[in-house]
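Hi there,

Here is the structure I promised to pass on to you. Have a look at it first, and then read my notes below.

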Amino acid sequence: MLYEAIVEQLLQEMRAGKRRPGDKLPSIREGAEAFGCSRNTMIRAYRELEHNHRIYAVPQSGYYVAHRRQGGEEARSSAEVKDAIDFEWAGPDRNAMPYRDFQHCMNEAIERYREDMFTYSEGQGLASLRFQLARHLRELQVFTIPEHIYVVTGSQQALHLLVGLPFPNGKKNIVLEQPVHTGMIESLRGYDGEVYGIPYEEGGMDLERLETLFRGGDVKFLYTVSRFHNPTGHSHTNEARKRMVELAQRYDVYIVEDDYMGDLDDDSKNDPMFAYDPSGRVIYVKSFSKVMLPGLRLGLAVLPDGLRKEFLRAKAAADVHSPLLMQGALEVYLESGMFAAHIGRMRKIYRRKAVLLQEAYRKYLPPGTAYTRSTSGFYTTIGLPAPLRAQPTAEYLLQLGVRVNPAPHMYLPEFRQDGILRLSVSQVEERLIQPGIRAIGEGIRELLRQRTEVRFVNQG
Ligand SMILES: Cc1ncc(COP(=O)(O)O)c(C=O)c1O
């Protein structure tokens with residue numbers, strides 16, 4: 001057994017309460033026999049745990065599990081929570097963030113543009129960057145010209161501004177898929193119009209229901225994530241995308257297509273909705289966060305003529321323009337081919353994580369637990385067996401050392417589901433995916449067992 005696996009197993013036993021603070025650990029010799037490893041491996045494992053203050057050594061006596069109490073309370077100390085396997089945070093894999101390359105691009109941008117990187121600039125974004133973006137978008141089957149591209153401070157800004165704009169169709173209501181990422185729910189808080197939900201399931205959404213809403217709902221736009229949806233991981237088929245665009249044309253509705261992770265799709269047969277749109281009703285929105293560096297706060301929107309002026313006005317009121325140095329550096333990053341090489345690497349990393357996650361789901365989740373499929377290496381959801389609820393389950397799982405995101409807040413009130421957890425595997429180390437899902441499976445079993453016992457006791 002490798003020392004990392006021994007460390008993980010011992011940590012797992014501590015989290016599960018099988019080894020409690022003050023318990024004596026096996027001696028080096030006993031440990032080596034029990035784990036089937038050399039004494040050196042055992043020493044290395046103990047050193048690692050000691051270094052992280054999880055165990056301590058008493059000379060001439062042995063190794064002991066460290067006390068991790070805070071204010072006299074057991075468990076959930078901040079240190080313990082810090083160690084949790086984190087399926088909640090949905091940033092990119094920290095080990096694969098190209099910040100060194102980007103540093104080089106920032107230097108290059110300053111060399112190239114000098115003081116122009118530090119003065120006021122065009123609200124729409126640097127023209128030279130928009131030229132590179134138009135080239136890059138062609139790879140995604142989005143054919144447009146730099147004049148129609150708007151650089152935004154994260155794709156969230158484009159979504160937020162679009163919610164507030166009057167649209168050329170003069171309509172006022174919005175259709176949202178359910179569930180939906182929380183940024184969109186926040187942008188719609190207090191929205192002065194109806195917000196209709198439509199469930200996004202494995203096969204896509206109910207297109208008849210969509211048509212009914214488009215026909216009679218005075219709909220300004222439909223907001224949809226066309227692939228790798230947050231939180232479910234679902235994607236629309238090409239057929240569904242085509243059909244949705246047709247409906248949008250027939251009923252004069254716009255579609256805000258959020259393709260925030262389109263770069264991670266390695267199936268070149270998948271087209272964005274924008275590719276099926278001859279009439280300019282699809283607004284294409286893209287992010288550089290998940291696929292690259294969220295701290296850049298850069299994204300883009302491709303806008304039809306009828307929206308360009310109003311959008312620019314709203315963008316100027318919001319933040320004048322997006323940070324210029326980041327724009328200049330992104331231009332160099334795209335132009336040099338670094339972005340293409342980076343995406344090639346990311347597709348492999350995230351695809352592998354997605355496969356490992358699905359394997360672990362199949363192996364460890366108890367019957368009655370549903371889960372979604374996704375190949376993106378970011379989001380999926382787990383549907384808990386009744387009567388478990390997401391919030392208390394997430395709290396219990398945290399005590400077992402796993403952090404997940406309860407998803408009820410990702411629904412409009414009338415669509416709310418209480419038994420859904422969102423997991424992102426993007427920044428969980430590969431070696432921790434199986435142990436993490438195993439702990440979740442054990443946690444769900446244990447909670448179900450406790451519920452059954454309570455029922456029997458009450459009945460008795
Ligand atoms: C579906 C979706 N769209 C857009 C965003 C916003 O991304 P950003 O503003 O970082 O580009 C997020 C953030 O998580 C998201 O999940």
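A polar contact is a pair of N or O atoms within 3.5 Å; within protein, one must be able to donate a hydrogen and the other to accept it, and residues adjacent in sequence count only if both atoms are side-chain atoms. In the side chain of Ser287, an N or O atom lies 2.7 Å from an oxygen atom of the ligand. For Asp258, a side-chain N or O atom is 2.6 Å from a nitrogen atom of the ligand. Gln156 takes part through its backbone, where an N or O atom is 2.9 Å from a ligand oxygen atom. On its own the ligand has 390 Å² of accessible area (Shrake-Rupley method, 1.4 Å probe), and the protein covers 89% of that.

Before you go further, please note that this is a predicted model: local features need pLDDT of at least 70, side-chain atom pairs count only at pLDDT 80 or more, and totals for chains, interfaces and linings use all residues. Residues are numbered from 1 along each chain as its sequence is written, and side-chain values use heavy atoms, with hydrogens and water left out.

Around the ligand there are 13 residues, counted when a heavy atom lies within 4 Å of it. Ser155, Asn230, Asp258, Ser287 and Ser289 are the closest.

As for cysteines, there are 0 disulfides (pairs of cysteine sulfur atoms within 2.5 Å). Cys37 counts as buried because its relative accessibility is 14%, and Cys105 does so at 0%; buried means under 20% relative accessible area, exposed over 50%, partly exposed in between (1.4 Å probe, protein chains only).

Best wishes
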